[in-house]
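Biologist: I would like to learn how to read the features of a model like this one. Could we go through it step by step?

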Amino acid sequence: MRLFPEWVREIRGRDATFFIEQLSARQNPNQSLRILEIGGGDGYIASLVHDAGFEIKSTDPSPREPLVFPVEVMEASRLPYDDNSFDAVISSNVLEHIKNLHDSFAEMTRVLKPNGIMIHSMPTPACSFVSTLTAPIMLLRTWYYFLTGRLQPPEGKPQRLPERLPLAQRINRHPRLARFCYRSLYALWQLQPLRAIRFRYGHGEASGPIDELIIWRESKWRRRFEAARLDVHKVHYGDLCCSMNKLFPFKFMAFRSWVARQGWASTAFYLVSPAASQTSGNGASSGSGAPRPVEMAAASAQ
Ligand SMILES: C[S@@+](CC[C@H](N)C(=O)[O-])C[C@H]1O[C@@H](n2cnc3c(N)ncnc32)[C@H](O)[C@@H]1O
């Protein structure tokens, strides 16, 4: 039993479909759009966007192996591209992980062409709320699979001890021992009640589930974008409530869609672009149009 990578593919595939729809609506028949992906992970979304006929560069400070599409190592806050070089910047479930949003937004704005668009997908507070409520059920399920010997680490991860652990280097010299130790530690990690109950763990930069409910609200993201001088054109909610996916992967899809339509969608897409004051004059580059750290800090603190 794997931890359902296929489900993650399904969810990311839906994100890619939305990106492709939006990008296609902006596509000029004579010229392919140039897209930059931030935080591309293993490049799966970039591979789908590429297959749909777009020219895309995927980037991530720590690309996730095994890659399914080339992903260049880079931070969103330091993009080695010329000003005005992309028609669109996209990201899927990344902004909530970025520590330095101020510099990252400034860089995305700088490399975006005037009239370019950013599309960022993010988890919603509803996603956090339902996942937290159902976490104890997940814990029971994990124990069940562990006890029946069916819990396996995610595919593609090197089954060695992380180097930061004591004795890791010595143990990793012996592949079978390293694999055994890795799997034992993985099972223990899965069994941590506090991890399953989630009260000590937040996703991305959130300090915990309560924090997620607060800082992932649409109004908060709107304020962060506004502080970065980015206009929010549209917020689109995804068509699925993804929670309890580990217990019921690919189950109750019609019900999940119905729940999403009642305001419990797990994903929100923000379509934003540099405010008019940034794109007038000399393109979207930094300078007077750049977001101000004081405003960004104030928006994050609110
Ligand atoms: C939840 S993963 C999403 C990966 C991928 N977009 C996907 O949907 O499968 C979040 C990603 O954000 C990336 N990330 C974190 N901080 C970042 C930063 N400062 N700049 C760019 N990417 C960052 C991480 O390396 C990670 O791959």
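Modeller: We start with the overall fold, then take the core, some backbone details and the ligand. This is a predicted model, in which local features need pLDDT of at least 70 and side-chain atom pairs count only at pLDDT 80 or more, while totals for chains, interfaces and linings use all residues. Residues are numbered from 1 along each chain as its sequence is written.

Biologist: How many helices and strands does the protein have?

Modeller: Helices (H or I, at least four residues) and strands (E, at least two) are DSSP runs, numbered from the N terminus. The protein has 13 helices and seven strands. Helix 5, residues 135-147, reaches 18 Å from its first C-alpha to its last, close to the 18 Å expected at 1.5 Å a residue; the expected span is 1.5 Å times one less than the number of residues. Just after helix 5, G149 has a positive phi of about 70°.

Biologist: Which residues have the most contacts inside the largest nonpolar core?

Modeller: In soluble globular proteins, nonpolar side chains tend to be buried together. A residue is buried if 20 or more other C-beta atoms lie within 10 Å of its own, exposed if 12 or fewer, and partly exposed in between, with C-beta atoms placed from the backbone. A nonpolar core joins buried Ala, Val, Leu, Ile, Met, Phe, Trp, Tyr and Cys residues through C-beta atoms within 7 Å. Here the largest core has 54 residues, and those with the most contacts inside it are I35, V49, A88, V89, M108 and M118. Of the 302 residues of the protein, 36% count as buried.

Biologist: Where do N84 and N93 lie?

Modeller: N84 is in the loop between strand 3 and strand 4 (86-92), and N93 is in the loop between strand 4 and helix 3 (101-111). Neither is a glycine, yet phi is near 55° for N84 and about 60° for N93. N84 counts as partly exposed because it has 17 C-beta neighbours inside 10 Å; N93 has 20 other C-beta atoms within 10 Å, so it is buried.

Biologist: Which peptide bond is cis?

Modeller: The bond from E65 to P66 is cis, with omega near -5°. P66 is in the loop between strand 2 (55-60) and strand 3 (71-73).

Biologist: How many residues surround the ligand?

Modeller: A residue is near a molecule if its C-beta atom, placed from the backbone, lies within 6 Å of it. There are 19 residues around the ligand, and the closest are G39, G41, A76, S92 and H97.
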